[in-house]
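Student: I am new to this structure and would be grateful for a close look at a single part of it. Please take the sequence and model below as the starting point.

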Amino acid sequence: MMRTKGKTNSSERVLRKEERKLQKRIKQQEKYFMSSQWQLMARRLVKHKLAVISFVILAILYTGVIFAGFIAPQGLEDYSATYSNAPPSKIHFIHNGKFVGPFVYRYDTEFDKFRNKIFVENKEEIYPIKFFVKGVPYKILGFIESDIHLFGVDNSNLPQGKDPVVLMLFGADKLGRDLFSRVLIGSQVSLTVPLVGTFISFVLAVIIGGLSGYYGGWVDTVIQRIIEVFLSFPTLPLWMALSAAIPPGISVTKVYIFITIIMSLLSWPNLARVVRSKFLALKKEDYVLAARLAGVSDFKIIIRHLVPGFMSYLIVNLTLGIPGMILGETSMSFLGLGMRPPATSWGVLLQECQSISNIANCPWKLIPVIFVGVAVLAFNFLGDGMRDAADPYK
Amino acid sequence: MVNSVLKVEDLKIEIKLDEGMLTPVRGVSFEVRENETLGLVGESGCGKSLTCKAILGINDKKCKTTGKINFSKDGSEINLLEMKKDSAEIRSIRGKNISMIFQEPMSSFSPLYTIGNQMSEVILLHMTKDKKKAKELAIEALRRVGIANPEKRYNQYPHEFSGGMLQRVLIAMALVCNPNLLIADEPTTALDVTIQAQIIELMKQLQKEYRMAILYITHDLGTVAQICDRVAVMYLGKIVEIGTVHEIFKDPKHPYTKGLLGSVHKIGGNNERLFSIEGTVPLAMNLKDRCSFYDRCVFRDENKCNRPEPCLKEVGKEHSVACWLYESNEPHEKEGI
Amino acid sequence: MPETILTVKNVSKVFSSKKVHIRAVNNVSFEVKRGETIGIVGESGCGKTTLGRCIVRAIDATSGEILYLAEDGKVYDLQNIDKKTLRGIRKEVQMIFQDPFASLDPRMTVFDIISEPLRANFKLKRNELEEKVKSIASKVGLNPSYLKRYPHAFSGGQRQRIGIARALVLNPRLIVCDEAVSALDVSVQAQVINLLMDLQKEFKLTYIFISHDLSVVEHISDKVGVMYLGKMVEYAPTEELFRNPLHPYTEALLSAVLIADPTVKNTRIPLEGEIPNPANPPSGCFFHTRCRYCIEKCKTEDVSFVEKKPGHFVACHRADELNLRGIV
């Protein structure tokens, strides 16, 4: 008796467990049934590992953009003749056989037998690296003012008449400026120009491509011909020509605006074509006809059915267009046609690499190339993942 | 006793999804005999196409297939599932001994090559190495499926043919190697009514000529009634009823089969409401451990049917059904659709 | 005697590109009485879908009149109508589409899809809207809890119900069903056909039922029109047409139906050749190239669409002399 009872109990338990499992599954399915296009896309995107990694990398890079002033130990305008072309600071932990936490030594300059300047660590004094040190004032997002930096060197032990010691993770440039700080500050230009440029071309593409696709006829023909003209220009010479037209001596902000406009001017035609073709395809969909038959106005059809319909494709195309803009801005600045000192960007930083001797003697000056490469690849992979996720209904 | 050409035993196909294991085919067994047409009938998602793809070994990599698919070739039985995927051996069987025709004739041909080119390719692969002979065979095959002017048609491209003509060419191509088994997956669904009838007639006539077995997969009961000798009805990855076409249409046993047949309007019949099966097919993932048709069944008996799934039981000559209602061998009382 | 709700008079639709002019619909005329179901059958490319789209004014016919008796008792020519009046008429003439997957915007919830026509035409409060949508959803057999879902949650049959709900929500009087059940499975087809017929009784709907499936058309329609190469070749009450066809094309079409009964063997009347290129139709009777009763007159003389028996129209020179076979 007892045994059979135990048996039924256990089988009942199994049944109940099954039932619970089923309920859980049904709940999951219900969630799936109620997820919108963007939620479905996110589900798919998360499965694309490379895209997720790229997203994380980009998130880190853009955090750097926003908090550049805070993270960078040095400000935009700081320099020191002493540290001209200094190599990356060596971080030590042990001084005189005693563990004292992270610190750096001061660099003293000497000359070798060929009369070349060399940097030698002065091992007498230690300059501890501390978090949240006071430094140059900066603004985050243009309104949060502060002078606390994430990390930096405590210069309280500095002998009189010496330049303050700066922590130079990536070494220094010709003017003795910390390259790490400059990479961060430069990213404020290099990583935002593409975003702003993309936004402008997005607006242009939606309006022009939309008009072309919606009205058709001669409007379409004229716009298509204009697009073809734009596309037939070779990009690089056109960039150079347009950048050369930027008047010299204007403010940094204006240069920035000019560059973004040049960037977007060259990338909207392709996007406009994407918009137009999607527009034409979607116009023929049954659900658009159904909306038309129901008396929905043209404007509402565009806003409710057509724009959401191609938005995902457009965003994919935009993402895949960003690397080109990063490279464009970098190469323009590299050639001296983009941002100009005192403003900086990754391209401006790389200007110093135009001479071989510079690269040979100070290889750390190539570090910005790594950042350009990583950002470009990350955007490409992310765009790739998004393309796979763009149409979750297939 | 007639020999069977193909014997499928307890075929299971599992697909691993993120949400869990999905089993679209849950233990299917049937045989196709020499010179007969077996119809595999069911609605979309019942696993009929996956079953036929499993026989051909062209299922997706994600699918895990278990069971036995025994094909008798020259008197010996080969289990197709044990063969390596895309090995030379299976490829020689596929195309030569087993051939197939699909729903979309247009997408079965490459638009870049002539019809003749594509047909000869198959012949050169399986039949002969002589190019001239291959061309002769191809033209002969085209003639046999009723294509006028085969010499001229041989050199034309797929876009120069209409859908019905292309389906004929596809059939010619499938039959050119004299297969023992032809698998036809909804070959007439995409065609117009008049052409559909032509193709069905052609297949019937060719079956007599070539003496081959046909596994005919479709959801259209009209086609089934006109071409098949035996019918297997599938529901949610299982065969629920199998029997001769006359038995199934005259005296369907399984409530699903009854519902399916009742759903079809017969021309000339009365114009009352059509009988229809209630509800929708449940998601295969959410099946409970009982008869999978339970929730939609009009004849369900709570005492009898609320049990794990029934197996196929013989209820008459050449007629088996998987339903608890027939378990005690008493004829089912409630008649009438 | 119910009133005539729709009169299609000599409607033609020509699709032109630079060199080719295709007469997709060629001089088609017929009348529809209120509460009837008119079946339009024919093979792909015969112009039945184009005709349906002309009637709902999704496209403009090239010539001819489409006279519609609106709810206010006035007759409007849908071809010559100002935009404002057309908006009013649109509420009364709706369409159900073939492909249940393409006809619903995947980015909208079921509620948004069904309520869209209401929002476009009336200013309703949220709770009024909800009430209306819920009532129509339950009418077409959709669980109201499904309204928050997106279309990807549904199978073909349920999607078609959503499409039907959307068409019905404005209380239309005339619905064009363009192959509305062709993409569905057999049992689901039966469900949807039953639903359409129930709704017709309840709301006094008039259907124009376009399909290539003769058995479905026979089941649902009161009258049937047969189209071939853009022309209507025969138009008659359903039983009459299926029993006593007067056009050889109808006869061939009927003989090709595969009957779902293995004991009935339909002897097929073979149609020779293929459908001619619609851009370059044959002279005389369009069907003469494939007609087994063709005589010299058929090749040269145009045929007119005339009433041979009461309510039975046909376009055939030999309609009087031929004795054609229908389906019992």
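Student: Which strands of chain B does helix α1 of chain B lie across?

Tutor: In this predicted model, helix α1 of chain B, residues 48-56, lies across β3, β6, β7, β8 and β9 of chain B. The helix runs at about 145 degrees to β7(B), the strand of residues 181-185, while β8 of chain B covers residues 213-218.

These strands belong to an open sheet of 8 strands with mixed pairing. The order in chain B is β6-β7-β8-β3-β9-β10-β12-β11. At the edges stand β6 (98-101) and β11 (313-316) of chain B, each of which pairs on one side only. On average, neighbouring strands of this sheet are turned by 20 degrees against each other, direction ignored.

Within the sheet, β3 of chain B (residues 37-41) runs parallel to β9 of chain B (residues 230-235), and 4 bridges join the two strands. One residue of this pairing can be followed directly: L40(B) has A232(B) in β9(B) as its bridge partner. In general, strands of a sheet pair through backbone hydrogen bonds, in either parallel or antiparallel fashion.

Another helix also packs on the sheet: α6 of chain B, residues 163-175, touches β6 and β7 of chain B. The direction of α6(B) makes about 175 degrees with that of β6(B).

Methods:
Residues are numbered from 1 along each chain as its sequence is written. Chains are lettered from A and ligands numbered from 1 in the order in which they are written. This is a predicted model: local features need pLDDT of at least 70, side-chain atom pairs count only at pLDDT 80 or more; totals for chains, interfaces and linings use all residues. Side-chain values use heavy atoms; hydrogens and water are left out. Two strands pair if DSSP finds at least two bridges between them. Axes are lines fitted to C-alpha atoms, for helices over the stretch in contact, and angles run from 0 to 180 degrees between N-to-C directions. Contact means heavy atoms within 4.5 Å.
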